[in-house]
Amino acid sequence: MKNSRIVGVGHYVPERVVTNQDLEKLMDTSDEWIVERTGIKERRYFNYEKDTCANMATKATKMALERAEVDVNEIDLIVFATITPDYMFPGSGVLMQRELGLDKKAIAALDIRNACSGFIYGLSIADQFIKTGMYKTVAVVGAEIQSSALEFSDRQRHVSIIFGDGAGAVILQATDESGKGILSTHMHSDGTYAEELYVRDPGSSRKREERLTPEMLEGVNIKAHMNGNLVFKHAVVRFMEVITEALMANGKTKEDIDLLIPHQANLRITNFIQQKLQLDEEKVFSNIQKYGNTTGASIPIALSEAWSEGKIKENDLVCLAAFGSGFTWASALINW
Ligand code: UT7
């Protein structure tokens, strides 16, 4: 059976930098509170005249292809992770396919909506297709435009200060080398908590005939509801579980990890994991300070930056882990 290797990583973030001080002008919050509770100093917001979810993902993918020295025409599957797609339907995967000029080849494109775990879920799906030999080169992307759905008000301040926009991508290819590339992936979910972090409206079946009503636009249900404390408490437990699961599945220990890239949810969550695993600070990657929480895009953006900063080298053991809405959580262990 084939293994899959990440041969290229790339990312794109919009130009507009929004600092905590900028947010102080819009709602009752402070740089001090945001830094202390989340670690975030600034984030990027899209330019609505220029950036779309699909074109940010396309830019990230082009960077990954260039770094991998792989021709775009080699891609035979797109896996697109987002909870902020360009349209209700079709998914953003086909839009990226068109932007990459792969429409004539009619390659497969699929979208997944597993929020913060979406990129690792996507990586796992791509890995299975490569293992079975069905596809040889897969682009896995995570892209989000969160800023256009944020509400800059006191009632939503705990949500609005966290999220940011951006995109990241990897190119996966088949390899015959055993023990190389993605060693294993692990995915979990618990729908008990679906409504603890969600956007309710406009959903398809909330005991009403019409999907979108004028009243909805006034309410808070078109905005993200997040029970921050509860999410936080579950996150720290599930992150630890799913990292340990990945290590055990491969006969590895935490000492073997060269770089841990957790989903950038909150610097306090990342610091908790680092301390609990007793890993040196430089073995745990963080860029939430610059980008905030970019949901499905956070891990591939972090991977791309870590790689370009020389923090990932050949044969390094890299662990990815995520937790988020659903609840869903996932990990991947990679021999780079
Ligand atoms: O991405 C995947 C999933 N998401 C996460 O993993 C997020 C997990 N949760 C969190 O990161 C944190 O729960 C938050 C950053 C969202 C909130 O931090 P917290 O330490 O849990 O704060 P809290 O919600 O318990 O609120 C503490 C206080 C409250 O005031 P009182 O009731 O103590 O007077 C809030 O009203 O902080 C207040 N507060 C704020 N104050 C200034 C909440 N948001 C803000 C704000 N600025 N933006």
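This is a predicted model: local features need pLDDT of at least 70, side-chain atom pairs count only at pLDDT 80 or more; totals for chains, interfaces and linings use all residues.
Let's start at the ligand. Around the ligand sit 23 residues, and Thr29, Arg37, Asn229, Asn266 and Asn293 come nearest; a residue is counted here if one of its heavy atoms lies within 4 Å. An oxygen atom of the ligand is 3.0 Å from a side-chain N or O atom of His263, and a polar side-chain atom of Trp33 lies 3.2 Å from an oxygen atom of the ligand. The backbone takes part too: a polar backbone atom of Gly228 is 3.1 Å from a nitrogen atom of the ligand. Taken alone, the ligand exposes 950 Å², and the protein buries 75% of that (accessible areas by the Shrake-Rupley method with a 1.4 Å probe).

Which elements build this shell? Those giving two or more residues are helices H2 (31–38), H6 (157–160), H8 (228–249) and H9 (267–276), where helices are DSSP runs of H or I with at least four residues and strands are runs of E with at least two, numbered from the N terminus. H8 gives the largest share, 4 residues. Domain 1 (3–180) and domain 2 (182–335) each supply at least three residues to the shell, with bounds from an automatic or database domain assignment. By class, the shell has 11 nonpolar, 8 polar and 4 charged residues.

Now back to the cavity. The count comes to 1 cavity of 30 Å³ or more; a cavity is a set of points, on a 1 Å grid over the protein atoms alone, where a 1.4 Å probe fits but cannot get out, and lining residues have an atom within 4 Å of a point. Its lining consists of Arg5, Ile6, Gly181, Ile334, Asn335 and Trp336, with strands E1 (3–12) and E13 (328–335) each giving two or more residues.

Finally, look at some backbone details. The peptide bond from Phe89 to Pro90 is cis, with omega near 0°, and Pro90 is in the loop between strand E4 (77–81) and helix H4 (92–99). Another cis peptide bond joins Gly326 and Phe327, with omega about -15°; Phe327 is in the loop between strand E12 (317–324) and E13. Thr295 has a positive phi of about 50° although it is not a glycine.

Terms used
Residues are numbered from 1 along each chain as its sequence is written. Side-chain values use heavy atoms; hydrogens and water are left out. A polar contact is a pair of N or O atoms within 3.5 Å; within protein, one must be able to donate a hydrogen and the other to accept it, and residues adjacent in sequence count only if both atoms are side-chain atoms. Ala, Val, Leu, Ile, Met, Phe, Trp, Tyr, Cys and Pro count as nonpolar, Asp, Glu, Lys and Arg as charged, and the others, Gly among them, as polar. On a 1 Å grid over the protein atoms alone, a cavity is a set of points where a 1.4 Å probe fits but cannot get out, and a pocket is an open set with protein on both sides within 12 Å along at least five of seven lines; lining residues have an atom within 4 Å of a point. Grid points are joined across faces, edges and corners, and a volume is the space filled by probe spheres set on the points.
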